[in-house]
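Me: I have a structure open and want a quick walk through it. Can you take my questions one at a time?

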Amino acid sequence: MRNLVAHKSCFLVLLLLLLFTSQFSSATKKTLNRDQPCKRFVLYFHDILFGGNDVANSTSAAVANETGLGNFNFGKLFVFDDPMTKDKNYLSPAVARAQGFYFYDMKSAYNAWFAYTLVFNSTEHKGTLNIMGADIMAAQTRDLSIVGGTGDFFMARGITTFETDTFQGAKYFRLKMDIKLYECY
């Protein structure tokens with residue numbers, strides 16, 4: 001009989017612990033509203049590809065050539081250190097730098113995969129945002145994940161929506177980046 005009471009007591013304690021834990025975790029869980037990010041701003045990403053004789057103006061360069069599999073630069077890798085501005089003008093003051101890489105990762109269409117850090121060092125913001133994901137270039141808008149940050153953006157998470165604003169062949173492109181943070185600390 002004594003063993004039965006001990007087992008029932010142990011079972012009751014475990015049940016109460018489970019209920020308490022589930023109530024506590026649901027009470028502290030954040031609900032995210034897509035329409036109400038905790039921080040939102042728009043920046044323009046300017047990329048000038050190195051063409052062999054424009055070292056002073058270039059902000060990116062191919063560091064690995066395409067593989068020859070398909071007609072869409074499959075495997076071609078670029079590194080970049082691109083200025084980020086608040087408006088479409090390349091000559092406007094940079095509020096951040098986008099530093100990272102992208103590569104073409106599809107044999108049957110133009111598609112790129114990005115991984116980079118926005119480095120802010122201005123009077124308005126200091127810190128970084130880390131961004132990665134697929135850029136499905138045929139789509140009008142594309143979402144990439146914001147997977148973390150530092151400084152003013154400590155542990156931030158969210159999405160950035162790419163929209164191609166200007167494309168001038170292999171020389172220059174400008175992306176509008178609508179940055180939406182859903183976790184801000």
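The chat below goes from the overall layout to single residues.

Me: What should I know about the source before I start?

Reply: This is a predicted model: local features need pLDDT of at least 70, side-chain atom pairs count only at pLDDT 80 or more, and totals for chains, interfaces and linings use all residues. Residues are numbered from 1 along each chain as its sequence is written, and side-chain values use heavy atoms, with hydrogens and water left out.

Me: What is the average pLDDT?

Reply: The protein averages 86, and 84% of the residues score at least 70. pLDDT is the predictor's confidence in each residue, from 0 to 100.

Me: Where does pLDDT stay under 50?

Reply: Over residues 13-19. The model has 0 contacts beyond four places in sequence for them. Contact means heavy atoms within 4.5 Å. Where pLDDT is low, the predicted coordinates should not be read in detail.

Me: OK. How many helices and strands?

Reply: The protein has 1 helix and 9 strands. Along the sequence the pattern reads α-β-β-β-β-β-β-β-β-β. Helices (H or I, at least four residues) and strands (E, at least two) are DSSP runs, numbered from the N terminus.

Me: How much of it is buried?

Reply: Of the 185 residues, 36% count as buried. Buried means under 20% relative accessible area, exposed over 50%, and partly exposed in between (1.4 Å probe, protein chains only).

Me: Pockets next. How much space lies in the largest pocket?

Reply: About 410 Å³. The search runs on a 1 Å grid over the protein atoms alone. A pocket is an open set of points where a 1.4 Å probe fits, with protein on both sides within 12 Å along at least five of seven lines. Grid points are joined across faces, edges and corners, and the volume is the space filled by probe spheres set on the points.

Me: Which residues lie nearest its centre?

Reply: Tyr 104, Met 137, Phe 167, Gly 169 and Phe 173. The lining has 23 residues; lining residues have an atom within 4 Å of a point. Strands E4 (96-104), E5 (112-121), E8 (157-168) and E9 (172-183) each give two or more residues to it. E9 gives the most, with 3 residues.

Me: Lys 76: buried or exposed?

Reply: Buried, because its relative accessibility is 18%. Lys 76 is in the loop between strand E2 (60-64) and strand E3 (77-85). Beyond four places in sequence, Lys 76 touches Ala 62, Ala 64, Asn 65, Glu 66, Tyr 102, Phe 103 and Tyr 104.

Me: And Asn 121?

Reply: Asn 121 lies in strand E5 and is exposed, with a relative accessible area of 62%. Its contacts beyond four places in sequence are Val 95 and Lys 126. Asn 121 and Ala 96 are 25 residues apart in sequence, and their C-alpha atoms are 6.5 Å apart.

Me: What about the backbone at Asn 73 and Met 155?

Reply: Asn 73 has a positive phi, near 60 degrees, and is not glycine. Asn 73 lies in the loop between E2 and E3. Met 155 also has a positive phi, about 60 degrees, without being a glycine. Met 155 sits in the loop between strand E7 (141-151) and E8, partly exposed at 48%.
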